[in-house]
Amino acid sequence: MSTPDLTFLHAPSVYDFRRRATLWGPISDVVPSEPIYDMYPIGFAALSDYLERHGFRARIVNLAVRMLRSDSFDVERFIGRLRSLAFGIDLHWLPHAQGALEVARIVRQHHPDTPVIFGGFSATYFHKELIRYPQVDYVVRGDSTEEPLRQLMACLRDGREPVDVPNLTWKDASGRVHINPQSYLPADLAHVRPGFRQMVRAVIRDRDLLSYAPFERWLNYPIMATLTVRGCKQNCAVCGGCAKGHERMSGRTRPAFRSPEDLAADVREARRISRGPIFILGELRLAGIDYARRFLQAVQGVPGPFMIEFFWPVPRDYAEELAAALPDFIVEFSPDSHDPAVRKALGKHYSNEGIEETVRNCLAVGARRFDLFFMIGLPRQTPASALETATFCEHLLQAVDGDPRLTPFTAPLAPFLDPASPAFEEPDRFGYRLHYRTLEEHRRALLAPTWKHILSYETQWMDRDTLAATTYEAGRRLNRLKARYGIISLEKAAETEERIERAISLMDHIDRLLATRPPEEIEREMMALKDQIDRANTSTVCDKRELDVPVGRVPFNAGELARLGASEVWRMIWSKDGR
Ligand code: B12
Ligand code: SF4
């Protein structure tokens, strides 16, 4: 196996989570990851594909998955044995602040002369602070780093200083920091490919399926994701990826869209690999209804299931167009609050009638499921408002004759308020009180014993204790509602209820420890609770499998994979360098 030029490493959010006890609570209940956020950025595949197309060899190692899969997986030894011209570590999501920096430290310790490159939204936002850590050499900034990274790799290979590489923050040999201009900002995504085929090739070439798994459960549940856009046109107050957030981070004033035809081709390619759901990330109407229609035209004939997102309500005719092109579709819609005043403060300007119409329209045209997401910790949101969400959901269920395809979820805005979001930048205006602002403060916060203590904010309407208590209670109410309407089985509801109770009592217990014991004892006491805590950690206020779609016993398209694999083996045999 030849040495990779760049090895991407994805860290768990907290490096030594296997040796620590943290009550993570419901922070990752509604995403595929475990609470240590084992999913790597979708961009890893696109970056690898881009580098490989330009003559570099890239490898991906999902350390978080390897650690989750085996308690005996020795990260330090594994890293010590890796050989690579450079290492690339994602700090896309801020909850990886501790893990990513710790993995970088280990890389530095074992490979003192090998460059360490960071990238991702949080790395971009905090680039000036991040570059000052001794284990960080380069930060590639922005939402589109394919070309700047290629240029940096070329410099590293040729031993040149990257003085002209756009979007790069870097240290020279004397340790002096340079901030190159943010001049690379592609207006569209024509240069990017999702990299699915490249991933299959790389798995075969590196004989290492587990390291490439996008998240731990993926091998059993191979959900695929295709991206319509980088950037957004909306400005939700708590979203770091909103229009203003992108402008702040990358200077992006307009979203970069994948062309509808390329997007359809990505969807087709995803379907060749997996029988699981294909999540089409981003609102198809964001670039205009013509964009959506062109996509729906181009994607005809690809079998589902599909997951599609709406950023605002859907009229009946659009629902019909969707159903015709994407039979077997599941809707992901996030009004975040049922309370119009809260939604308005958040920056989502549509009515409850609009939500109800959307649900009716999509169910009427045959949506397989309608997932409705609510959030706790929003501007103007009181505990009473957060708890009333269950009542609103009951009203909606009644409006559709108790149709169990309508599946509501609630989760806290946690663990951190997104940097670059309007609320992070102007907390007073939105009624937030921030506990942490810098990268280092967030990194340290991740070592706190519970999600309540990790939480980076309080609001004018809810302090940390209230936020946690309200989250558990809102989860309990929604869980009971789902059981009553047959959305989940009584057995599943009882399990969730039990997990909520266990989480509440553990939180109380830990609060008492913190109030009464000296710091050195707390860690020991927490470790004594580790088994209990770990059991209460995954799926607290709902069972994350409620979001799954059955994929059958063989979730991959074995025939297609075999064909891809065979052609790849041939390619390697005939290529001179075995790439
Ligand atoms: C799609 C999406 C998701 C998908 C992720 C799919 C995936 N695997 O990437 C899902 C729904 C699973 C998700 C989950 C979460 N998300 Co999200 N998500 C988004 C969204 C809507 C779009 C992101 C996007 O456009 N990505 C595409 C591009 C921009 O990124 P990329 O291709 O992966 O990476 C590029 C660059 O970032 C960079 N890069 C990334 N890593 C690296 C590494 C190196 C070495 C280099 C050089 C470059 C580099 O180069 C890449 C290609 O150019 C944004 C909001 C928005 N509109 O931006 C929020 C957003 C990114 N998510 C956010 C958050 C908080 C989360 C969660 C933590 C929420 C939670 N509490 O559960 C989880 C974490 C998931 C995990 N790791 O397990 C915040 C992040 C704020 C922050 N700075 O921390 C955002 C900004 C807004 C939000 N609140 O939703 N998310
Ligand atoms: S939360 Fe709002 S601003 Fe962020 S990506 Fe979604 S629609 Fe855009």
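Colleague: To begin, in which helix does Glu521 lie? Please start there and then work through the surroundings.

Modeller: Happy to. Keep in mind throughout that this is a predicted model. Glu521 lies in helix α23, which covers residues 519–528. Its C-beta atom has 11 others within 10 Å, and since 12 or fewer counts as exposed, Glu521 is exposed. For a sense of distance, take His435: Glu521 and His435 are separated by 86 residues in sequence, and their C-alpha atoms are 25 Å apart in space.

Helix α21 (residues 464–484) and helix α22 (residues 490–516) have axes that come within 9 Å and cross at roughly 170°. An angle over 145 degrees counts as roughly antiparallel, so that is how α21 runs relative to α22. On the α21 side the contact includes Ala468, Tyr472, Gly475 and Arg476, while α22 contributes residues including Leu490, Ala493, Ile500 and Met507. By class, the residues of this contact between α21 and α22 divide into nine nonpolar, three polar and four charged.

The axes of α8 (residues 196–206) and α11 (residues 260–273) come within 9 Å and cross at roughly 30°. These two helices are therefore roughly parallel to each other. Phe196, Arg197 and Val200 of α8 meet Glu269, Ala270 and Ile273 of α11. Four of the residues in the contact of α8 with α11 are nonpolar, none is polar and two are charged.

Most residues other than glycine have a negative phi, and most peptide bonds are trans. The bond from Gly304 to Pro305 is cis, with omega near 0°, and Pro305 sits in the loop between α12 (289–298) and β12 (306–310). Another cis peptide bond joins Ala414 and Pro415, with omega about 0°; Pro415 belongs to the loop between β15 (406–412) and α17 (422–425). As for phi, Asp328 is not a glycine, yet its value is positive, about 70°. Asp328 is in the loop between α13 (316–325) and β13 (329–336), and it counts as partly exposed, with 14 C-beta neighbours inside 10 Å. Arg380 likewise has a positive phi, near 70°, and is placed in the loop between β14 (369–376) and α16 (383–399). With 19 C-beta neighbours inside 10 Å, Arg380 also counts as partly exposed.

Next, a sheet. Seven strands form an open, mixed sheet in the order β2-β1-β3-β4-β5-β6-β7. Its edge strands are β2 (58–62) and β7 (177–179), each pairing on one side only. Within the sheet, neighbouring strands are turned by 20° against each other on average, direction ignored. Strands β4 (residues 116–119) and β5 (residues 138–140) run parallel and are joined by three bridges, and Phe118 has Val139 in β5 as its bridge partner. Helix α4 (residues 97–110) lies across β1, β3 and β4, running at about 170° to β3.

Finally, the whole chain. The protein chain has 25 helices and 17 strands, and 49% of its 579 residues are buried.

Technical notes:
Residues are numbered from 1 along each chain as its sequence is written. Chains are lettered from A and ligands numbered from 1 in the order in which they are written. This is a predicted model: local features need pLDDT of at least 70, side-chain atom pairs count only at pLDDT 80 or more; totals for chains, interfaces and linings use all residues. Two strands pair if DSSP finds at least two bridges between them. Helices (H or I, at least four residues) and strands (E, at least two) are DSSP runs, numbered from the N terminus. Axes are lines fitted to C-alpha atoms, for helices over the stretch in contact, and angles run from 0 to 180 degrees between N-to-C directions. Two residues are in contact if their C-beta atoms, placed from the backbone, lie within 7 Å. A residue is buried if 20 or more other C-beta atoms lie within 10 Å of its own, exposed if 12 or fewer, and partly exposed in between; C-beta atoms are placed from the backbone. Angles under 35 degrees count as roughly parallel, over 145 as roughly antiparallel, 65 to 115 as roughly perpendicular and the rest as oblique. Ala, Val, Leu, Ile, Met, Phe, Trp, Tyr, Cys and Pro count as nonpolar, Asp, Glu, Lys and Arg as charged, and the others, Gly among them, as polar.
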